[in-house]
Structures are given as C-alpha cells and as structure tokens.
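Here is a short tour of the helices in this structure. Have a look at the sequence and the fold, then read on.

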Amino acid sequence: MEEALVLGCVWLAFLLVGILCGRERGRENLGALLGFLLGPLGWIIVMVMSDRRRKCPECGGVVEEGVRRCRHCGSPLTAPPDPNRDARNRDMLEQLRNMPPPGR
Ligand SMILES: [Zn+2]
C-alpha cells in the first residue's frame with residue numbers, strides 16, 4: 001500500500017518536472033505527457049525539441065503566441081511571415097489537380 005503511494009508521488013513528480021521542462025520550450029502539454037509516460041527520458045526529449053515560443057525582435061524577450069505587443073519592451077509585434085506557406089498551398093493545389101476524377 002505504501003509502495004503505491006510512493007510510486008504515485010514519483011509519477012506526479014515526473015509529470016510536474018515534465019511540465020516545467022515543456023514550459024522552457026513552449027510545450028507544457030507535451031512535456032507533461034512525455035514526463036508522465038517516460039519520466040526523465042521524456043524530460044530530455046522535450047528539452048532537445050525546438051523552442052516554439054516567439055521572441056521579441058527588439059529585446060529578445062519571450063512573448064506569448066498571438067500578442068500584439070512585447071510585454072518586456074512594449075514594441076509592437078507583427079506575425080512572422082511564412083515564406084513556405086504559399087509554396088505549400090501551390091503544391092496542394094497541384095496535387096488536387098493531378099488527382100484522377102472520382103468514379104472512373
Ligand atoms: Zn521586446
């Protein structure tokens with residue numbers, strides 16, 4: 001009975017540290033999941049992932065997704081341009097065009 005309690009505490013610690021590791025990369029949910037499933041290995045996996053958070057171009061501070069102003073220096077933020085988006089859309093359209101019509 002006591003062992004189950006200890007195991008539960010250890011598991012909870014894995015989960016919480018996973019959230020903390022994930023927060024460093026803007027991936028709290030994934031960090032929680034990997035920490036819960038894999039323990040310390042999950043923390044490492046999250047820590048080596050790319051940082052998903054945005055950085056202010058003016059001061060380099062971390063800002064949340066979707067905000068219009070940096071909370072550190074107050075400079076306005078614009079959405080980062082995605083040069084691949086147009087190319088991706090073109091590729092998708094091309095694939096749709098090349099698909100055989102249904103029912104033949
Ligand atoms: Zn800033």
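## About the model

This is a predicted model, in which local features need pLDDT of at least 70 and side-chain atom pairs count only at pLDDT 80 or more, while totals for chains, interfaces and linings use all residues. Residues are numbered from 1 along each chain as its sequence is written.

## How α1 meets α2

Helix α1 covers residues 2–23 and helix α2 residues 28–38; they pack at about 150 degrees with axes 7 Å apart. Helices here are DSSP runs (H or I, at least four residues), numbered from the N terminus. Axes are lines fitted to C-alpha atoms over the stretch in contact, and angles run from 0 to 180 degrees between N-to-C directions.

On the α1 side, the contact includes W11, F14 and L15, which with others meet α2 residues including L30, L34 and F36 (contact: C-beta atoms, placed from the backbone, within 7 Å).

## Buried faces of α2 and α3

In α2, the buried residues are G31, A32, L34 and G35 (buried: 20 or more other C-beta atoms within 10 Å of its own; exposed: 12 or fewer; partly exposed in between; C-beta atoms placed from the backbone). Their cover includes α1 and α3. After α2 comes G39, with a positive phi near 70 degrees.

In α3 (residues 40–48), G42, W43 and V46 are buried. Seen down the axis of α3, these buried residues fall within an arc of 105 degrees, so they line one face of the helix (the arc is that of the directions from the helix axis to the C-beta atoms). Their cover includes α1 and α2, while P40, L41 and V48 are exposed on the other side of α3.

Note on methods:
Helices (H or I, at least four residues) and strands (E, at least two) are DSSP runs, numbered from the N terminus. Two residues are in contact if their C-beta atoms, placed from the backbone, lie within 7 Å.
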